Amino acid sequence: MTRTALVLGGGGVAGIAWQTGVLHGLAESGVDVTASAWSDMLLGTSAGAAVAAQVTSGASLSELYSRQVDTKKQIDEPRPDVSIETLNELLERAAERAAGDRQEFARIIGQAARAATTPPESVRRAVIAERLPSHEWPDRDLRLVAVDAESGRHRVLNRDSGVRIVDAVAASCAIPGMWPPVTIGVHRYVDGGVRSSENADLAVGFAKVLVVQVGVFDAGQDPLEVERDQLVGRGSDVLILRPDEDSVAAIGPDPTDPSVRAAAAEAGDRQGLAIAGEVDRFKRG
């Protein structure tokens, strides 16, 4: 039997909305990639961690989609005090200092995150808890990626990790400098996107890997392309779904802006409807 992984990448609250829309549109076309019959494993990073936890919670995609497009159902997502420009500057400085060393880059970012002034962990955790329809790990192979803020090493959290799912999602979504690192045991964790926005290389061993990528990079500069090559080199068939032109416009320049959720979800839904045939052929091929 062909084993398939669904990889959901980072992208802020706009990315949560867009990915939810794409998954909803696919399902409406008869291609429910979140179903256990389709995906043997779900790997989520940052925004993708929230979506992966939501779609395996027992809530329907229709309900999850409604929570993005219906203002009466949208949860209160506070906008961070730190701008996306400040975050990007932090990442650029860390990249220069790390000189290509991925773990050193994550360690530098983690150090900055621990020193940053952010809302309390309890306040941020309450927001994450409200995002999730269920606070129990599903009976599915769900894996969420976070990064140790001190060492820079990544950690894949699942139902066997001894970590509550709310804390696992909060850790994976802890954007450095914007939201507080999440304390789990004696460690503090930051956003899994510090390692990679998608961490698709962690899906090694699956025959087919469907990646939903929110961020759009210039050709030749996309880390996901390296991860795809690694997977293909190990025998995986990989399909990457990226926002189309309308979705890019709906998401806008700041994916942490909650005001774009409805537009991003609706654009994602339209895109999901349009690409369902391609995704179905990928699975069957």
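How many of the 285 residues of the protein count as buried? The share is 55%. Keep in mind that this is a predicted model.

Start with the whole chain. The protein has 10 helices and eight strands. Its radius of gyration is 17 Å, close to the 19 Å that the globule rule gives for 285 residues, so the protein is as compact as a globular protein of that length. The C-alpha trace spans about 45 × 45 × 40 Å along the principal axes. Now look at who touches whom. Take the contacts with a separation of 6 or more: 76% of them join residues 24 or more positions apart.

Next, go to helix H10, residues 261–284. Helix H1, residues 12–28, packs against H10. The two axes are 6 Å apart, and the angle is about 40 degrees. That angle makes H1 oblique to H10. The crossing of H1 over H10 is right-handed. Which residues of H1 make the contact? They are Val13, Ala14, Ala17, Trp18, Gly21, Val22, His24, Gly25, Leu26 and Glu28. On the H10 side, the contact uses Arg261, Ala264, Ala265, Ala267, Gly268, Asp269, Gln271, Gly272, Leu273, Ile275, Ala276 and Val279. Sort the residues of this contact by class, and you get 13 nonpolar, six polar and three charged.

The spacing of such residues has a simple background. An α-helix has 3.6 residues a turn, so residues three or four places apart point the same way.

H10 has another partner. Helix H3, residues 61–69, crosses H10 at roughly 140 degrees, and their axes come within 7 Å. H3 is therefore oblique to H10. From H3, the contact takes Tyr65, Gln68 and Val69. From H10, it takes Arg261, Ala262, Ala265, Glu266 and Asp269. By class, this contact of H3 with H10 has four nonpolar, one polar and three charged residues.

Stay with Gln68 for a moment. Gln68 sits in helix H3. Is Gln68 buried or exposed? Gln68 counts as buried, because its relative accessibility is 9% and the cut-off is under 20%. Set aside its neighbours within four places in sequence, and Gln68 is in contact with Ile16, Ala17, Thr20, Gln74, Arg261, Ala262 and Ala265. Ala17 also belongs to the contact of H1 with H10. Arg261, Ala262 and Ala265 are on the H10 side of the contact with H3.

Now turn to helix H7, residues 165–172. How many of its residues are buried? Eight of its eight residues are, and H7 is mostly covered. The buried residues are Ile165, Val166, Asp167, Ala168, Val169, Ala170, Ala171 and Ser172. An aspartate, Asp167, is among them.

What packs against H7? Helix H2 does: the axes of H2 and H7 come within 7 Å and cross at roughly 155 degrees. Angles over 145 degrees count as roughly antiparallel. H2 and H7 are therefore roughly antiparallel to each other. H2 passes H7 in a left-handed crossing. Ala49, Ala50 and Ala53 are the H2 residues here, and they meet Ile165, Val169 and Ser172 of H7. The class count for this contact of H2 with H7 is five nonpolar, one polar and no charged.

Ser46 is found in the loop between strand S2 (41–45) and helix H2 (47–55). Ser46 has a positive phi of about 55 degrees, although it is not a glycine. Ser46 counts as buried, at 6% relative accessibility.

Asn199 also has a positive phi of about 55 degrees and is not a glycine. Where does Asn199 lie? Asn199 lies in the loop between strand S6 (187–191) and strand S7 (208–212). At 0% relative accessibility, Asn199 counts as buried.

The loop between S6 and S7 also holds Asp201. Asp201 is buried, with a relative accessible area of 15%. Which residues does Asp201 touch, not counting residues up to four places away in sequence? They are Arg102, Arg195, Glu227, Gln230 and Leu231.

Notes: Residues numbered from 1 in each chain as written. Predicted model: local features only at pLDDT ≥ 70, side-chain atom pairs only at ≥ 80, totals over all residues. Heavy atoms only, no water. Axes fitted to C-alpha atoms, helices over the stretch in contact; angles between N-to-C directions. Helix = DSSP H or I, 4+ residues; strand = E, 2+ residues; numbered from the N terminus. Parallel < 35°, antiparallel > 145°, perpendicular 65-115°, else oblique. Left-handed = near helix turned anticlockwise from the far one by under 90°. Contact = heavy atoms within 4.5 Å. Nonpolar A, V, L, I, M, F, W, Y, C, P; charged D, E, K, R; others polar. Buried < 20%, exposed > 50% of the residue type's maximum accessible area, 1.4 Å probe, protein only. Rg over C-alpha atoms; globule rule 2.2 N^0.38 Å.
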